Amino acid sequence: MSAATRTLLLWCPDWPVLAAEIIDGVPATGPVAVLHANRVLACSEQARAEGVRRGLRRREAQGRCPGLTVVDHDPGRDARAFEPVVAAVEEVAAGVEVVRPGACALPARGPSRYLGGEEAAAERIVEHVAQSCAVESQVGVADGVFAAGLAARQGRIVPPGGTPEFLAAQPVEALGRPALADLLRRLGVRTLGDFAALSAGDVLARFGFDGALAHRMAAGRDDRPLAVRRPPVDLTVTTDLDEPIERVDVAAFAARTLAERLHERLAGHGLACTRLGIEAVTAHGQELHRVWRHDGLLSAAAIADRVRWQLDGWLTGARRGGPARPTAGIIRLRLVPDGLLAQAGLQPGLWGETGEERERAHRALSRVQGLLGPEAVVTAVLGGGRSPADQVRLVPWGDERLPARPGAAPLSARPGDAPSAARSGAVPLADRPDAPLPSWPGRLPPPSPAVVLPTALAVQVWDAAGGPVTVSARLAMSAPPARLNIDATAEAPVPVGVGRGAEIVGWAGPWPVDERWWAPAEARRRARFQVCLADGTALLLAVEHGRWLLEAIYD
């Protein structure tokens, strides 16, 4: 078996406490304890002076230190706070592996040879972390990550080949396995040296695979290679303008040059982006930032178009009713790629790559957007909702196609199944044991209407005697509907195929929809009908606040 890698490990004591101070502002100089599962996971130095220890229950810890500040454990907070420390270590030496939040390791050979020895490298890294992040840390050097971690807690540099001797004097609790350490204590094995002296086969048979792994670590045979991380490549492109620009055409010229630079830089790394951050700084120091999303890979032309659209919005937005324009011209532009993918990272079509027709359509629609603006070309995205208007969201061409409401799965049950089934004596579909539960109860089933009016059209519905048809709060109709008439005062044009004074030959409903009843300001209650006219046209009607409305037309 090969010898363990010479490892340098940086350890920040009481890191969960320091992370709470960095992220949440909890003063680490006072008595602080971080709790997980109602037990102390870490505590500050002052809390230890008051008798608080790891593993104590919350009530016992507060009993020993009445002024104890309790913080819940948050692994995400610990990782976010530790990222600047890792970045600071990477500024001195490459090849850093994050062991856990609060500890990172790297091969000691490179920094020791460059900085003049392991001790000099350790001092340099500790000093740089303290200056860059204002964080105290300790460094240990030994053969293997496990031994280096124990050496870091003592601030020691174990000489090459001395790791087994160093580990032999450590207690079995250093393995970090409380159940195994308790069992070894009861068997009379108190140090790692005693544990390492046992036969490897006997340890595997008695303690299993995890015990065999701990046995190798206790013997100093921790030869797992470091899984070093690569520092992220800075793909941001920036340009400083000689003169502040306030005109869109001048800004668009600068944006195109910057977009080409970004595209070339991404292509050089075999990458493309699906989100683009656009940042601008004005002569008065005002900072502007916006993120654009794209359904696909952003080409150089697409990047330039989005930058131009955004600059147009910033520089001329006030004249169009938008936010006030910047108080000075733009002197700096920066493009930040996000959502990076491999150049061939998008899923191809079922029969291969997308065809030429799609490419031509994409170029044509992008050209129209370039001439008229991003909102000039929109596509429909289906989503959740109960009415046809709620299920469709129009998004600009090229933007991320996300529905406005979740739950776009089609329903097999009609919105009127329950009322109509009650009249016919059948079992409602939603009550059958084999029926799927819909995500939007009361949603219109397929087929969807062919035409959805942007604004519901007011209509009048009459019975056979010529009187208006009304629907009570209990969904009781005054009479069957017989004729439909478009409201003469309606400003919207009459849809094609819907005449005035049309005869109703068939109808179904009412189907109630009671939405957001818990929010009085947003509550909406209506009843829907499907009617068929004498000429074969099918309509979707709704009664709301006593008014009949035409919402959609079926094919």
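In this model, His545 is found in the loop between β18 (538-544) and β19 (547-554), where helices (H or I, at least four residues) and strands (E, at least two) are DSSP runs numbered from the N terminus. The model is a predicted one, in which local features need pLDDT of at least 70 and side-chain atom pairs count only at pLDDT 80 or more, while totals for chains, interfaces and linings use all residues. Residues are numbered from 1 along each chain as its sequence is written, and side-chain values use heavy atoms, with hydrogens and water left out.

**Backbone details**

Most residues other than glycine have a negative phi, and most peptide bonds are trans. His545 has a positive phi although it is not a glycine, and Ala37, which sits in the loop between β2 and β3, also has a positive phi without being a glycine. Each of these two residues counts as exposed because of its relative accessibility, as the table shows; exposed means over 50% relative accessible area, buried under 20% and partly exposed in between, with a 1.4 Å probe and protein chains only.

| Residue | Phi | Relative accessibility |
|---|---|---|
| Ala37 | about 55 degrees | 67% |
| His545 | about 55 degrees | 75% |

A positive phi, near 80 degrees, is also found at Gly25, the residue that follows α1.

**The chain as a whole**

The protein chain contains 15 helices and 19 strands, and buried residues make up 42% of its 555 residues. Among the contacts (heavy atoms within 4.5 Å) with a separation of 6 or more, 56% are between residues 24 or more positions apart.

**The nonpolar cores**

In soluble globular proteins, nonpolar side chains tend to be buried together. A nonpolar core is here a set of buried Ala, Val, Leu, Ile, Met, Phe, Trp, Tyr and Cys residues joined through side-chain atoms within 4.5 Å. The largest one has 30 residues, of which Leu9 and Phe195 touch the most other members. Several elements each supply at least two residues of this core, including β1 (6-11), β6 (103-107) and α11 (200-218), but α7 gives the most, with seven residues. Apart from this core lies another, of 29 residues, among them Ile278, Ala302, Ala304 and Leu333.

**Helix α1 and strand β4**

Helix α1 (residues 15-24) has as its buried residues Trp15, Pro16, Val17, Ala19 and Ala20, and these pack against β2 (32-36), β3 (39-43), β4 (69-72) and α4 (75-90). Val71 lies in strand β4 and counts as buried because its relative accessibility is 8%. Although Val71 and Val34 are 37 residues apart in sequence, they are 4.8 Å apart in space, C-alpha to C-alpha. Leaving aside neighbours within four places in sequence, the contacts of Val71 include Ala20, Val34 and Arg77.

**Two packed helices**

What is the angle at which α4 and helix α6 (residues 118-133) pack? The angle is about 130 degrees, with the axes 9 Å apart, where axes are lines fitted to C-alpha atoms, for helices over the stretch in contact, and angles run from 0 to 180 degrees between N-to-C directions. The two helices α4 and α6 are therefore oblique to each other, since angles under 35 degrees count as roughly parallel, over 145 as roughly antiparallel, 65 to 115 as roughly perpendicular and the rest as oblique. The contact is made by Pro84, Val85, Ala88 and Val89 of α4 together with Ile125, His128, Val129, Ser132 and Cys133 of α6.
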